[in-house]
Amino acid sequence: MKVRHLNCGTMRPFGGRLVTGNGPLFATAEMICHCLLVEADHGLVLVDTGYGTDDVRNPDASLTRSFRRLARPVLDEAETAVRQVERLGFRAGDVTDVVLTHLDLDHAGGLRDFPHARVHVLRSELEAARAARTSIERTRYPRAQWAHGPRWVTHDPQGDDWFGFTAVRELPGVPADVRLIPLAGHTVGHTGVAVRVGDGWLLHAGDAYFHHAEMHANPACPPGLRYMQARMETARGLRLANQDRLRELVREHGDRVTVFSAHDAVELRALQRQPVA
Ligand SMILES: [Zn+2]
């Protein structure tokens with residue numbers, strides 16, 4: 001399967017090296033929304049959507065001012081998944097399935113651009129988004145992004161083993177080479193998405209971690225990103241335990257599995273430099 005690495009939403013938060021780990025302190029940092037476009041036999045599978053054209057045209061409807069002040073999304077329509085799909089010569093309707101790591105606003109904004117696609121998500125995540133009550137929950141799960149009624153397909157962890165992780169293997173309509181690897185903690189129903197490429201695997205770890213150095217043997221994380229992760233977590237113990245397991249995966253199987261976060265520009269650029277497999 002051909003897999004492309006797309007950035008579907010640059011963000012430029014203040015904080016310089018407190019966020020990126022290097023460079024000046026008083027500068028804007030760069031964060032991205034790492035999405036995958038998978039060419040399967042029957043059509044296209046999009047893993048995460050980043051921001052959508054509606055977020056760009058009418059941000060007040062989905063992105064609160066407090067979020068925009070903090071994350072400072074660039075909101076460039078050319079970066080949306082649908083425009084990138086079109087530039088590659090496909091149509092929006094060719095995307096038959098969207099697989100989401102979770103329903104945070106910077107991952108689900110593009111759902112409205114693919115209204116005919118099946119949308120795969122963990123059941124617990126959809127329930128948490130629908131039940132959002134507190135202001136932080138309502139900010140992270142803006143209803144406007146899915147008020148059009150996506151064709152949800154919800155999943156529960158089934159106990160299939162994937163490198164020692166519990167996995168969801170059967171996603172109806174999606175090749176078995178795409179699997180959900182639940183990684184709760186950032187949100188209730190947060191999941192990684194594994195995609196087989198040749199002899200190896202990519203693991204889109206979503207927001208299980210934010211900075212590439214968190215996967216190093218001696219992990220490090222810039223303080224700004226550590227703060228953001230702690231502020232948005234729903235279960236610290238689970239989140240940190242899953243980071244440990246991901247580090248172990250990289251240590252034990254780094255030759256076969258490439259792990260990356262949704263928001264790290266360094267990881268994205270390294271993967272974009274590789275030829276499309
Ligand atoms: Zn995110």
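Where does Phe163 lie? Phe163 sits in the loop between β7 (160–162) and β8 (165–167), and we will come back to it below. This is a predicted model, in which local features need pLDDT of at least 70 and side-chain atom pairs count only at pLDDT 80 or more, while totals for chains, interfaces and linings use all residues. Residues are numbered from 1 along each chain as its sequence is written, and side-chain values use heavy atoms, leaving out hydrogens and water. Helices (H or I, at least four residues) and strands (E, at least two) are DSSP runs, numbered from the N terminus.

**The zinc site**

- The zinc ion has Asp106 (OD), His107 (NE2), Asp207 (OD) and His263 (NE2) as its protein donors, lying 2.1 to 2.4 Å from it.
- Donors are N, O and S atoms within 2.8 Å of the metal (3.2 Å for Na, K and Ca); water is not among the atoms, so sites may look incomplete.
- The angles among the four donor atoms run from 83 to 158°, and the site is irregular.
- Four donors count as tetrahedral if all angles lie between 85 and 135 degrees; four count as square planar and six as octahedral if opposite donors are over 155 degrees apart and all others between 65 and 115; anything else is irregular.
- Along the sequence, the donor residues follow the spacing D-H-x99-D-x55-H.
- Distant parts of the chain are linked here: Asp106 is in helix α5 (residues 105–108) and His263 is in the loop between β12 (257–260) and α10 (265–273), 157 residues apart.
- Asp106 and His263 are both buried (buried means under 20% relative accessible area, exposed over 50%, partly exposed in between, with a 1.4 Å probe and protein chains only).

**The six-stranded sheet**

- Six strands make an open sheet in the order β1-β2-β3-β4-β5-β6, with mixed pairing (two strands pair if DSSP finds at least two bridges between them).
- At its edges are β1 (2–7) and β6 (151–155), each pairing on one side only.
- Strands β2 (residues 34–39) and β3 (residues 44–47) pair in the antiparallel sense over four bridges, and Leu36 has Val47 in β3 as its bridge partner.

**Helix α6**

- Helix α6 (residues 123–130) lies across β5 (118–122) and β6, at about 95° to β5. Axes are lines fitted to C-alpha atoms, for helices over the stretch in contact, and angles run from 0 to 180 degrees between N-to-C directions.
- The buried residues of α6 are Glu125, Leu126, Ala128 and Ala129.
- What covers these buried residues includes β5 and β6.

**The four-stranded sheet**

- Four strands form another open sheet in the order β9-β10-β11-β12, again with mixed pairing.
- Its edge strands are β9 (178–182) and β12, each pairing on one side only.
- Five bridges join β9 to β10 (residues 191–197), and these strands run antiparallel.
- Pro182 has Thr191 in β10 as its bridge partner.
- Helix α9 (residues 236–253) packs on this sheet, touching β11 (200–204) and β12 (contact means heavy atoms within 4.5 Å).

- Phe163 has a positive phi of about 50° although it is not a glycine, and at 22% relative accessibility Phe163 is partly exposed.
- Arg72 also has a positive phi of about 50° without being a glycine.
- Arg72 lies in the loop between α3 (65–71) and α4 (81–87), and is partly exposed with a relative accessible area of 29%.
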